[in-house]
Amino acid sequence: MTIYQDLQKKAKEMQGFNLREAFEKDNKRFQKFHVEWQDFLLDYSKNLIDEKTMKLLEKWANECQLSSAIQSMFNGEKINTTENRAVLHTALRNRSSNPIFVDGKDVMPDVLKVLDHMHQFSDAIRNGTWLGATNKRITDIINIGIGGSDLGPVMATKALTPYCEPSLHMHFVSNVDGTDMAEALRQCHPETTLFIISSKTFTTLETMTNAKTARAWLSKALGENAIAKHFVAVSTNEKEVKKFGIDTENMFVFWNWVGGRYSIWGAIGLSLMIAIGYDNFIQMLEGAHAMDQHFKTADFKNNMPVILGLLGAWYTGYMGAESYAVLPYDQYLSRLPAYLQQLDMESNGKSIDKNGKIISYPTGPILFGEPGTNGQHSFYQLIHQGTHLIPVDFIAPIHSHNEIGNHHDILLANVVAQSEALMRGKNKKELKDEGISKELIPFKTFTGNRPSNTILIDKITPYTLGALIALYEHKVFVMGILWNINSFDQFGVELGKQLAKNILPELTDKHKKLNHDSSTNALVEKIRKMRK
């Protein structure tokens, strides 16, 4: 039998598995299925697994040559095969003195040069030596980007609010909807506002549309000559940056071996560095690097990213789960699920394998989430009593930055209780013993046997946030290896944008002939009519 047949057989066996009974029979279940690393604890004992399951999953990883794939990534080999690129976001947080080579060139001198450039600039903004065109200090920073150029900085800035400089106000604009830009500009004054335009090509439609609006707003108030003191660029296209009017001395570069959704560790993190300061930014890199080393060196039985990746692939491929929830019990982590949506679904939302063949098995689960306890009063109903199997990752810091009364104790009690409730459920006998009427018992029964991981972290700091992000990056990588897909291209985001460029002029020119399907033609015609 192949490993896939073994796993299919095991999945059938597990249909009769009951988590509550498993804990009652084995008082060492937690000891068997948990890992501690630095300030992290991963409890994966409340999963639909036994020891044989984990051995089979580990065998699957070995047969897919996961260890070799991990080394290939860290060594700078071109594992992004469709774009013929290395995958080296790990180099951006390489805190060792070890060189990392791409095409025979050590990339670390360039990485450190950009980091130093960011350091000098962020310090100048924070200490007031960088002044606007009218010699006033910068008080507001508007980061204009989309996708990885937005989600990472906005998530991390929110997560690290306690470390942000209070005199600086951070704004993030990504949506081409004019409302996004209008609301940001409404809070700012031209003389004290700095724009960071983040676009690899400096041609991304949404980003450049917003950038041009920002330039028009600033120029109207201060004149075209003020642009150089109020705009900087994060890009690789020096020609377009210069054409826009930005001094190329204030252009921060990055490289094609860093994908957008992995780019927070470099120049795309400039807005974050300005907000939290260079030292805290370095701490975030240190945390990610520590997780890199854990992922690279720990045996699979004690390797947090590997364990999460194996479990994720187990549920998606063999247990029929189409989605999973990431539920951070920390308000500062409110944007983490959105960040992880891009990381996971853009990476592994693929139906073609590395060999160009159509995949016959499920990949890329749907990820959603909301901070606890808010989510408990909305979609948790579906997780507890719905017809879908939805594995859950609970994430909670043991210590809060805001120890107000017993708020955090209540929060922690809820996260622990939710994991127990999903596992145990509540049966008819228990309800009857509580005096629940016969008619209501079916409605109040909880089947339990619903899987979850719990990740406890001592406290959300730059270091632990860096490690947490890297943990999920590597989890996604593991799942991609198991599914034999390239997790590092994202061609699926392109078609709709290409078609939009064709439709855009048709919306404003009623004489343009429409050659779409009947639905698309009708929508364009309706918009034309209503926008007269």
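Modeller: Quick definition before we start: a crossing is left-handed if the near helix is turned anticlockwise from the far one by less than a right angle, and right-handed if clockwise. Also, this is a predicted model, where local features need pLDDT of at least 70, side-chain atom pairs count only at pLDDT 80 or more, and totals for chains, interfaces and linings use all residues. Residues are numbered from 1 along each chain as its sequence is written, and side-chain values use heavy atoms, with hydrogens and water left out.

Colleague: OK, which hand is the crossing of helix 14 and helix 21?

Modeller: Right-handed.

Colleague: And at what angle do their axes cross?

Modeller: Roughly 40 degrees, with the axes of helix 14 (residues 278–297) and helix 21 (residues 462–483) coming within 7 Å. That makes helix 14 oblique to helix 21.

Colleague: Which residues make the contact?

Modeller: Among them are M284, M291 and F295 of helix 14, and L465, L471 and F477 of helix 21. Contact here means heavy atoms within 4.5 Å.

Colleague: How do the residues of that contact divide?

Modeller: There are 13 nonpolar, five polar and two charged.

Colleague: Switching topic: why is strand 12 largely enclosed?

Modeller: Because six of the six residues of strand 12 (residues 392–397) are buried, meaning under 20% relative accessible area. V392, F394 and A396 cover one side, with D393, I395 and P397 on the other.

Colleague: Which strands are joined to strand 12 by bridges?

Modeller: Strand 10 (residues 323–328) is joined to strand 12 by four bridges, running parallel. Six bridges join strand 12 to strand 13 (residues 452–457), also parallel.

Colleague: What does I395 stand opposite in strand 13?

Modeller: I455. I395 is also the bridge partner of P328.

Notes
Axes are lines fitted to C-alpha atoms, for helices over the stretch in contact, and angles run from 0 to 180 degrees between N-to-C directions. Helices (H or I, at least four residues) and strands (E, at least two) are DSSP runs, numbered from the N terminus. Angles under 35 degrees count as roughly parallel, over 145 as roughly antiparallel, 65 to 115 as roughly perpendicular and the rest as oblique. Ala, Val, Leu, Ile, Met, Phe, Trp, Tyr, Cys and Pro count as nonpolar, Asp, Glu, Lys and Arg as charged, and the others, Gly among them, as polar. Buried means under 20% relative accessible area, exposed over 50%, partly exposed in between (1.4 Å probe, protein chains only). Two strands pair if DSSP finds at least two bridges between them.
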